[in-house]
Amino acid sequence: KNYDKLGLLLNYKPTDNILITLDELKNTIGKNDIKCLAMQKLDGDDYSVYSFAINGNALAVVPMKRSGLIPGMSTGGEVVNNIEIIEYVKKIIYAFKFNGSINIQLKLTHKGPLLYEINNRISATTIIVTVFGLNFPLYEVLLAQGRDNLVREKILGAKIKWGMRMNRFHQEVYNDDGNYFIYENGI
């Protein structure tokens with residue numbers, strides 16, 4: 001079957017095209033005037049790091065070692081107190097003078113943590129920090145209102161439970177004229 005490789009490359013999430021050689025990329029782009037950035041595949045444990053900052057000062061940095069992945073989304077993980085990752089992320093936040101919720105994705109390689117994505121927003125699995133009393137959406141509102149001191153106070157009062165695990169799952173729910181049910185193994 002023939003695929004529109006250029007369409008796949010340009011119209012789907014980058015995580016759907018993680019294994020492509022430089023020659024394949026060049027051939028796919030061809031003579032089109034397309035600028036792109038490619039990087040080598042990083043080996044190591046995958047982390048999503050949830051943080052909140054004010055003027056480049058990281059107030060909360062919570063690394064989650066991702067245990068389950070589907071393209072573009074974490075399906076599980078464990079909150080890990082990895083000082084090397086925490087300090088690495090603090091330096092990134094300081095360098096860019098970030099404000100608010102920052103999600104940083106990285107691999108912990110044999111050379112140490114290496115960044116591969118920065119999301120200046122709340123990510124889908126940031127929900128895990130609410131278990132510790134961290135409410136990033138509320139802090140975004142308070143920050144917009146100029147209530148920085150209240151944000152600091154709330155974050156410093158949180159108790160992070162290192163080792164906490166999270167698993168996400170998807171399941172279909174059917175609706176038959178108002179009768180909702182989950183179909184499981186023919187039952």
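1. Angles between axes under 35 degrees count as roughly parallel, over 145 as roughly antiparallel, 65 to 115 as roughly perpendicular, and the rest as oblique. The axes of helix α4 (residues 136-144) and helix α5 (residues 148-156) cross at roughly 155° and come within 8 Å, the axes being lines fitted to C-alpha atoms over the stretch in contact, with angles running from 0 to 180 degrees between N-to-C directions. The two helices α4 and α5 are therefore roughly antiparallel to each other. L138, Y139, L142 and L143 of α4 make the contact with D148, L150, V151, K154 and I155 of α5, where contact means heavy atoms within 4.5 Å.

2. This is a predicted model, in which local features need pLDDT of at least 70 and side-chain atom pairs count only at pLDDT 80 or more, while totals for chains, interfaces and linings use all residues. Residues are numbered from 1 along each chain as its sequence is written, and side-chain values use heavy atoms, with hydrogens and water left out.

3. The protein has 5 helices and 8 strands, taken as DSSP runs (H or I of at least four residues for helices, E of at least two for strands) numbered from the N terminus. Along the sequence they follow the pattern α-α-β-β-β-α-β-β-α-α-β-β-β.

4. Of the 187 residues in the protein, 35% are buried, meaning under 20% relative accessible area, with exposed being over 50% and partly exposed in between (1.4 Å probe, protein chains only). I182, found in the segment after β8 (179-181), is partly exposed, with a relative accessible area of 36%.
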